[in-house]
Amino acid sequence: MEQIKNNLNDKKSKNDNKDFDLLFLVDATGSMESYITSAKEETKKISKYFRKSYPDRNFKYGYIFYRDPIDSPSDIHEFIDLTDDVNSIPKQISKIEATGGGDLPEDWAGAYKLANEKISWREGEKVIIHLADAGAHGKLFTLNDKYPNEEGKLIQELEKCALKKIKIFGFIIEDDSKNSFNECANIYRNKGGSFEISDFCTPEMEMNALFIMNMSNKNNKMVDVMNIKNNNINNVNNMNNMMNNINNMSYKNNMNNMDNMSNMSTIYNMSNVSNMNNMDNMYNMSNINNMYNMININNMSNINNMNNMNNMNNMNNMNNMNNMNNKNNMNNMNNMNNMNNMNNMMIRTPTLIDFSSPNCTTKLNMDKEQMIKNMSFSWNTIKSVKMILDNNH
């Protein structure tokens with residue numbers, strides 16, 4: 001009974017701790033310059049969001065920018081220890097340059113070693129958000145890697161993180177990092193740790209960026225990415241459903257057109273057969289006795305009548321085809337109208353952004369790709385932290 005009471009007290013003590021430490025592990029080699037820019041531009045907005053959404057929490061933020069001294073000895077790792085002075089972080093990140101990274105894998109082991117030995121973790125929630133476009137050294141993580149001994153080092157550092165009960169979120173920027181994230185997650189989970197993996201940028205995020213750019217251009221105002229509403233994703237899904245429906249309608253109309261063309265071909269072939277039969281009949285008629293000429297003439301009249309009926313049927317079929325074409329044209333016009341309506345939705349959706357925000361920092365002329373990365377950086381961070389904090393309530 002006493003043991004149960006102690007366990008409950010320990011759990012209560014943990015829940016009462018309001019500290020939340022958030023550490024970003026960012027690959028800082030040559031290909032990652034735009035992601036370092038995202039870290040610099042989004043940290044203050046992320047902090048503002050968390051202060052507003054979770055005012056009872058004590059957030060601190062830190063960064064590890066890692067490279068690959070294993071393959072390029074001149075490469076060095078850099079870090080910013082956990083701090084609640086978010087105004088100082090962008091200045092420090094401005095000094096970070098994306099450089100180095102000789103071969104494909106990077107020094108993940110060195111990055112996690114810094115996380116274990118140089119970061120001033122507190123007793124509350126501890127989270128690592130890891131962004132990578134390249135995998136880790138070690139053959140388990142990167143096939144044919146020329147530094148196999150690094151594999152064991154990374155495993156040891158992951159085990160230390162698990163003992164600290166650090167929750168890790170890995171975000172795949174390029175497929176080259178996917179296997180390393182998967183293997184690290186397996187190792188971490190086997191040690192009782194929490195390691196979640198997802199793509200850094202999704203189609204929904206790209207669509208959100210297009211929404212924002214359209215809204216910015218239309219309103220001639222700057223946009224605060226952090227004020228995106230949750231139902232923005234619903235708008236994207238609805239638009240995707242509309243696109244699928246339009247495509248299905250077009251496909252169905254095309255199939256109907258093909259069927260109609262096949263039916264017309266069949267009618268045409270039947271007419272050809274009838275014509276051939278008629279020619280045979282006419283040839284046979286020339287060989288019949290004169291006493292049957294009157295009958296033959298009557299038969300020819302019947303044939304002519306049948307031909308006239310066939311001609312009338314052909315005309316009706318042609319009219320039907322014209323009607324179908326008109327109907328398809330109307331459908332196409334409707335589809336175009338639907339597309340226009342969708343474009344209008346992209347521009348006029350009223351719940352995307354709070355344009356009155358005085359702290360908008362996204363420039364109107366921002367490159368679209370950079371905007372997508374900035375949004376993804378913020379969105380993934382918020383989603384990860386909310387997953388933890390909302391589950392604790």
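His 130 lies in strand β4, which covers residues 125–132; strands (E, at least two residues) and helices (H or I, at least four) are DSSP runs numbered from the N terminus. The model is a predicted one, in which local features need pLDDT of at least 70 and side-chain atom pairs count only at pLDDT 80 or more, while totals for chains, interfaces and linings use all residues. Residues are numbered from 1 along each chain as its sequence is written, and side-chain values use heavy atoms, leaving out hydrogens and water.

The relative accessible area of His 130 is 0%, and His 130 is therefore buried (under 20% relative accessible area, with a 1.4 Å probe and protein chains only). Its side chain makes a polar contact with that of Tyr 112 at 2.9 Å; such a contact is a pair of N or O atoms within 3.5 Å, where within protein one must be able to donate a hydrogen and the other to accept it, and residues adjacent in sequence count only if both atoms are side-chain atoms. Leaving aside neighbours within four places in sequence, the residues in contact with His 130 (heavy atoms within 4.5 Å) include Leu 25, Trp 108 and Phe 169.

Strand β5 (residues 167–172) and strand β6 (residues 195–199) run parallel and are joined by five bridges; pairing requires at least two bridges found by DSSP.

Across the protein chain there are ten helices and six strands, and 40% of the 393 residues count as buried.

Notes
Buried means under 20% relative accessible area, exposed over 50%, partly exposed in between (1.4 Å probe, protein chains only).
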